[in-house]
Amino acid sequence: MQSLQTSRPKGTFKIRDTHPTDPNYIFIAWRADRRYNEYWRLKSNNPLTKISDRYKNRILQTSTQTNKPIGTFKRKDPHPTVPNLFFQSWNHKKNQERWATQKTLDHEDQRKSNWVQKIGKEKKKEKYANDPKYREHVKEVSRRNKAKPKNRARANKTEKKRRLRLGKKHLQAVQKRAIAKNPEHYREMARINCLKYNYRREVNNRILTKNQKQEMRVVYTQARRISKCLQIPFDVDHTIPLSKNGLHEPANIQPVPSSWNRSKQNKHCEPWTAWQQAA
């Protein structure tokens, strides 16, 4: 800082004046209470430049006035002489017109619509809490919308993302609380699901020969023996799920770990190959 001092009197330099010997520096201010009175700064680190950049695209309203009376223009009306400018509002404080770009007007409209939606949601929540007829109407509309295939698929995607976000332990705790509140309902649901599974297996079960039935028994026995030996529960899985028209026959069943079988559900038709990789 000492090398930049010119020892000239106060008022010689104005703000943003270039240094007389080093053009990379500009004058910022005169500081009488400091050791070095002249305050010089690099052009690249000039805070005044950053402040001026903020107002670089600002519209000078005094130069855009048409001197026409209030009510002549409506919102989004184009400027009669200046291109790309649209009427925003009337400034009652300065008694003049206010002009803006299309981007600014769109941003204002978006903020206003968000605010209206927020107020509308709050009113609907209050009505839903206090009006039982409106509550029943909303539930009926929700049931009808959920039944549509597109909405069902979208809801499944949202539920999948929610499960990934919350984690397995949290969901298990939620399920336990729900079952504890209404155990009879969930017991009935489990019974119905079991009946559906047995029905699909009977429908998809073709007439088997004596040898094929023996092969089926061998696979089920094998799953029980593996579970007892490894102390890991094993199930007999249908490679092609019964819900996807898979058959209940020896060629379509395999012993697999219970955890893998539950995670698979009916999402794919791939066989379990972990034992091949381990070997």
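Start by selecting His-79, in the loop between α1 (47-54) and β3 (86-91). Keep in mind that this is a predicted model.

Color His-79 by accessibility. Is this residue buried or exposed? His-79 counts as buried because its relative accessibility is 8%, and the cut-off for buried is under 20%.

Which backbone atoms does the side chain reach? One is the backbone nitrogen of Thr-81, at 3.1 Å. Another is the backbone nitrogen of Val-82, at 3.0 Å.

Next, select the neighbors from further along the sequence. Leaving out residues up to four places away, His-79 touches Thr-64, Thr-66, Leu-85 and Trp-99.

Zoom out to the whole chain. Switch to cartoon: there are nine helices and six strands. Turn the model along its principal axes. The C-alpha atoms fill a box of roughly 115 × 60 × 40 Å. The radius of gyration is 38 Å, whereas a compact globule of 279 residues would have one near 19 Å.

Show contacts next. Take those between residues at least 6 apart in sequence: 35% of them join residues at least 24 apart.

The accessible area of the chain comes to about 22,500 Å², and carbon and sulfur atoms account for 53% of it. Of the 279 residues, 19% count as buried. His-79 is one of the buried residues.

Note on methods:
Residues are numbered from 1 along each chain as its sequence is written. This is a predicted model: local features need pLDDT of at least 70, side-chain atom pairs count only at pLDDT 80 or more; totals for chains, interfaces and linings use all residues. Side-chain values use heavy atoms; hydrogens and water are left out. Helices (H or I, at least four residues) and strands (E, at least two) are DSSP runs, numbered from the N terminus. The radius of gyration is taken over C-alpha atoms; the globule rule is 2.2 Å times the number of residues to the power 0.38. Buried means under 20% relative accessible area, exposed over 50%, partly exposed in between (1.4 Å probe, protein chains only). Contact means heavy atoms within 4.5 Å. Accessible areas come from the Shrake-Rupley method with a 1.4 Å probe; for residues, only the protein chains shown count as cover. A polar contact is a pair of N or O atoms within 3.5 Å; within protein, one must be able to donate a hydrogen and the other to accept it, and residues adjacent in sequence count only if both atoms are side-chain atoms.
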